[in-house]
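Please look at the sequence and the structure shown here before reading on.

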Amino acid sequence: MDPKSNAVNGKFWVQLKQAAVIVNGGVLLFAGINLYKGSEKFYDDIVMPIFQLFSPETSHNISIKLAKYKIVPRPQKPDPPSLQSKLWGRNFPNPLGLAAGYDKQGEAVDGLLKMGFGFVEVGSVTPEPQPGNPKPRLFRLTEDRAVINRFGFNSDGHEIVYSRLNQRKNHMETEGMPATYLGEKRNMLNVNFWTETEEERNKSFKELHWLKVLNKRKHLKTKDDGILGVNLGKNKTSPNAVGDYVKGVHKFGNIADYLVVNVSSPNTPGLRSMQKREELSNLLFEVLEARNKLTVSPKPPLLIKIAPDLNEEEKKDIAAVVLNPKTRVDGLIVSNTTVSRPDSLQSKHKTEVGGLSGAPLTAKSLETIRDMYALTKGEMPIVGVGGVSTGQEAYNKIKAGASLIQMYTALVYHGPPVIGKIKREMDELLRHDGFSHISEAVGIEAQSQKAIGSSK
């Protein structure tokens, strides 16, 4: 081959390599921008299918690690005023929260709040560490947009989870900039993704000096705005279930914005029997007494989480207990996962033992919210959870009587962008119905039916 041909071939391969670098760079840039901005379509079509290549529990653990280090998209728009909520004296940036069971060990609270949740509930947390049930214990029912889990209260225990949450609480700098402060000139795709070098940090401190002068700031917070709930559980082999919950109140009462007594998980033997009238009365009397003795002010609201599989008598009994002055709690979480299996299920995993969540739970949880709102005469704040993946589903629960909403399974199939989508759709639905604020729509369905009944 003559020298001229060699030169041409050499030039061709150089150009090809340059083109490959440009194309790959473009692909990475495109992916980075869509990840950073939280593109709904990009997550649905590319990111979440990649996650589903892994086993359900592996995918879950990866998502927790990403949230722990805040490698998650932040909403591009602030929450609308119509969704800002106040309950139990707490200000919720928006009414959409993350249900317990996702961040069981309290590892990723701020990353999850960064994704756009108004509140995050960690747990369930048991007094002593326990591994939970054997694996596999988490199953995707992809055809049904559902999940079955039988984790069985796998928990790091009170001491470790408390240590994490307490460190988070204290992670506020009264003077100067935290070590993880990121300068304004960081690549936009990597904001909040890692710690700066020493040189960059020194420069950041200089920037901070002028920020203080210009903005008269006394300190900068490292926590994202939002409310923290702690869901309390019992150890599987505990001889004193009530004592386990009392320990939880004592341990987390000074650090949680609210506490939840979980007596409705289907994966701990005998737990759901604590929803029976006498047992529930004894339990709530003891945990309320423990809560009332806390020295913290204000004292955390105490809620109980109930199952969607209750019969009418059981629902009436629970309503009677929670409205009794001696055992009156501050709210209900409605509902936990279901042990029922609708005939409509298509997945090969539909017969797995455990609690079913996701789309098949939507109607059942909505019915339970309606019933409990009516039985408590609208006096007991309700957190509605179960099968929420759209703004309409969340809004239906609000109209049925829920003051706040929680979700979980929708994240498995849609990722973080679904949070902003639900909030956006809720705001649109409120305005369509002529409401200026979400509080105006709480229980409106029951109120409308009452008005129709009284007019007959």
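## Pairing of strands

Two strands are said to pair if DSSP finds at least two bridges between them. In this predicted model, strand 9 and strand 10 (residues 331-334) meet that condition, pairing in the parallel sense over four bridges. Ile306 has Val334 of strand 10 as its bridge partner.

Strand 9 also pairs with strand 8 (residues 258-262), in the parallel sense and over four bridges. Here Ile304 of strand 9 is the bridge partner of Val261. In general, strands of a sheet pair through backbone hydrogen bonds, either parallel or antiparallel.

Strand 9 spans residues 302-306 and is mostly covered, with five of its five residues buried. Leu302, Ile304 and Ile306 point one way from the strand, while Leu303 and Lys305 point the other way.

Strand 9 takes part in two β-α-β units. One is a right-handed unit made by strand 8, helix 8 (residues 277-292) and strand 9. Another right-handed unit consists of strand 9, helix 9 (residues 312-323) and strand 10.

An open sheet of three strands shows the order 5-6-11, and its pairing is antiparallel. Strand 5 (138-141) and strand 11 (355-358) stand at the edges; each has a single partner strand, so one side of each is left without a neighbour in the sheet. From one strand to the next, the twist averages 20°.

Within this sheet, strand 6 (residues 146-149) and strand 11 pair in the antiparallel sense over four bridges. Val147 stands opposite Ser357 of strand 11.

## Packing of helix 9 and helix 10

Two packed helices are described by the angle between their axes and the distance between the axes. Helix 9 packs with helix 10 (residues 362-375) at an angle of about 45°, and their axes are 9 Å apart. Angles under 35 degrees count as roughly parallel, and 65 to 115 as roughly perpendicular; helix 9 and helix 10 are therefore oblique to each other. Their crossing is right-handed.

On the side of helix 9, the contact is made by Glu312, Lys315, Lys316, Ile318, Ala319 and Leu323. Helix 10 contributes Thr368, Asp371, Met372 and Leu375 to the contact.

How values were computed. Residues are numbered from 1 along each chain as its sequence is written. This is a predicted model: local features need pLDDT of at least 70, side-chain atom pairs count only at pLDDT 80 or more; totals for chains, interfaces and linings use all residues. Side-chain values use heavy atoms; hydrogens and water are left out. Buried means under 20% relative accessible area, exposed over 50%, partly exposed in between (1.4 Å probe, protein chains only). A crossover is right-handed if, with the strands pointing away from the viewer, the path from the first strand over the helix to the second runs clockwise. Axes are lines fitted to C-alpha atoms, for helices over the stretch in contact, and angles run from 0 to 180 degrees between N-to-C directions. Angles under 35 degrees count as roughly parallel, over 145 as roughly antiparallel, 65 to 115 as roughly perpendicular and the rest as oblique. A crossing is left-handed if the near helix is turned anticlockwise from the far one by less than a right angle, and right-handed if clockwise. Contact means heavy atoms within 4.5 Å.
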